[in-house]
Amino acid sequence: MFISQERTHVRARKLLQYLTASACLLSPFSIVHAAESCEASFNVSPGSSKGHVFEATNAETSLPARDAIAEMKKIAVAEGFKIGDESVRDDHGTLALVQPASASARAFPVDVTADQGRISMKAKLPAGMGGDMGSMKSYMCGLLSKVAAKAPHQVDVNPAASPSPSNVNGSIPVPFTPEQTTELCLANVSREYEVVDDSRVTVTTWTFFDDTDDARKAIDRVKGYLASTPGMSLVSERYHDKQGVVEFTASPVPPTNRPGDDNPMKVEVDEGMGAVGVSSVMPLQSAMLGDWPAYHLCKLAAIASRTPLPPKPDASVEKPKPAKFSNPFKRSGTASTNVIAKANIVNRGREAWYERAKYAGKAFLVVPALDVGAKYRGLDTGKLQTEHLAEFWADVSSRTIWRGRGDGSDVQTGAWSSQSKMGLGGFVHVLSAGKSRYALYAVDPGKYELVGGAIEKRGGALPKPEGVKSAKPAVGSLMVKNTLDRSYEIVKEWHDASYRTQSYDQQYCSRQLAASGQCVEWSSQRQHDRVQTSAAGYSDKVNTKMTPGLAESVELSKPFASFEVSRGDVAMIDGFFMDRNGDQADASSCKASEGGATCQLTGLTLWRIPARIDDVRKNLGTLKEGSTAWRIFSGAKIVPLTVNATAMPDALDGYEAGWARRYIMKAK
């Protein structure tokens, strides 16, 4: 970073240390030769507004313009410059930088140009600012030498520097500095508490980064951290095209020393978008440990993206307390200022999500799902827990799986399939319309087939595994696992009458004239009365206990339905969801598996929710007019489905009447 002072000179900082450190990494001959070439070209000229222009050129680079600009961008970020516009076309590239203002100097622009084996830097000082020519020459040529000495194979090319065949839109939009990557990660941290069971909390975050490499390398960095950290255990990893996911478990904080209490965690990397997401399901007491959950999640994101680690929270925090946002880079300001700052960071990230999805060649998918809030409106938590738990939990946990063929990855749709629940693949925005909620996803282009689903059943019983081959034809398989869930019941509890003490001051005449009876002196005395506040009797109390349940997943042998989307489409399709009675299996065919059973699926029934353009248009007012989300929803077009299931009669009553229709797939 340049060091500048008003009406004095611009002095470079620690140039000898900087150049010496660079020399340890680069060829000594190339550095010396490049520096000599640059210093010979150094020039100072008057600017257009009475300022000075310092210009240096290095003609010895073997890097193509795109790589030279990418390398200079990395160096500039490390030196503290603000990154501006960037453009690369053929073998000509430009990069705009800004030297930030300080207490003693104004900001000024620095332009970088790469053209046919030459890279130059031009610093434009405003009127009244001078510069020491020797210091400026050494500093600017030192930066250029570091770029020039890089061989093409040494450059870590990011999406902005080298778009892949699927990313042909040029430089990655909405750039993020490493510091902004950390800032967005911390601002995006969300805690999702279950409506009926707050003992476990889903904590998620995501962020963007520019200096990306292969998703496998990013996942490898995370795996390296897991291997060196006590309490972390790798579960699985998987890759698809430019996306990678690693799943693992982490010991709970504070420790419980109970088996099965480890927190499931996940890190996702989308190389095409330059995005990383981290999620964890943890006990309530862990989720409430101040800023520590955010720190741990963003530390993993930083390891994957090679960006600065988040600031470590105060180690004195021992007891759980409500988390509150604190911008780690701006410590001053009131709480309301911090809230506004966080909202601005989140909004910029949300807009970047849309732009980067388009850049990565994705399509947008709008899918209606059950509006759980509308279905159970008017019911308090107690009613949900004790009277509607089985149906409610099935509705919120139900997910439909669309499997991408070719280059497409899986898309899971459902009432609660949001990014704050599912990670990067979840929906990023939702629009309520009547009994439906229209969710917006970014998906890879290609053909998608509805091949299964998942659901959780409170109080379900595992079928007795017999392992007999079913005589009935099957349409797929049903995988069932045992769970242990909270259940709730209302009991009558006797309680005695309750009382409280009511105190008041009682005034009395303490001195009275005998002749007339007139009171000439008053005094007061404190009185205490026992008042009943509630009568003895029975009252309702909600008790909790742990009861067995089931987690079920369905895998079909042929698709229930299918559709296709192309790059850049905004497609709207009908939604499907499974209720707690949707899967039919032959119990005699079930075979025991780890923690559960696998059975032959003889039939599958799903509710089909028709997508209606008019529903969306009528409710666009809930979005900010002209925003990216508003434009995407406005431009959605119905995409036809190929459905391989059979329609059933319309529902005559219940929430689904006049809204959704059952479809069934049975083996023939």
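1. In this predicted model, strand β5 (residues 108-115) and strand β6 (residues 118-125) run antiparallel and are joined by six bridges. Within this part of the structure, T113 stands opposite S120 in β6.

2. Helix α3 (residues 65-79) packs on the sheet to which these strands belong, where it touches β3, β4 (92-99), β5 and β6, and its direction makes about 10° with that of β4. Helix α4 (residues 133-148), for its part, lies across β1, β2 (52-58) and β6, and runs at about 35° to β2.

3. The sheet itself is open and is formed by six strands, which follow one another in the order β1-β2-β6-β5-β4-β3 with antiparallel pairing. Its edges are β1 (43-46) and β3 (82-89), each of which pairs on one side only, and from one strand to the next the twist averages 15°.

4. Turning to the helices, the axes of α5 (residues 178-187) and α8 (residues 292-305) come within 9 Å of each other and cross at roughly 145°; the crossing in which α5 passes α8 is right-handed. On the α5 side the residues that meet α8 are T181, C185 and L186, and their counterparts in α8 are A294, C298, A301 and S305. By class, this contact of α5 with α8 has five nonpolar residues and two polar ones, with no charged residue.

5. Just after α8, R306 takes a positive phi of about 55°.

6. A last point concerns K383, which is found in helix α11 (residues 381-386). With a relative accessible area of 37%, K383 is partly exposed, since that value lies between the limits of 20% for buried and 50% for exposed. K383 and Y488 are 105 residues apart in sequence, and their C-alpha atoms are 10.0 Å apart in space.

Technical notes
Residues are numbered from 1 along each chain as its sequence is written. This is a predicted model: local features need pLDDT of at least 70, side-chain atom pairs count only at pLDDT 80 or more; totals for chains, interfaces and linings use all residues. Side-chain values use heavy atoms; hydrogens and water are left out. Axes are lines fitted to C-alpha atoms, for helices over the stretch in contact, and angles run from 0 to 180 degrees between N-to-C directions. Helices (H or I, at least four residues) and strands (E, at least two) are DSSP runs, numbered from the N terminus. A crossing is left-handed if the near helix is turned anticlockwise from the far one by less than a right angle, and right-handed if clockwise. Contact means heavy atoms within 4.5 Å. Ala, Val, Leu, Ile, Met, Phe, Trp, Tyr, Cys and Pro count as nonpolar, Asp, Glu, Lys and Arg as charged, and the others, Gly among them, as polar. Two strands pair if DSSP finds at least two bridges between them. Buried means under 20% relative accessible area, exposed over 50%, partly exposed in between (1.4 Å probe, protein chains only).
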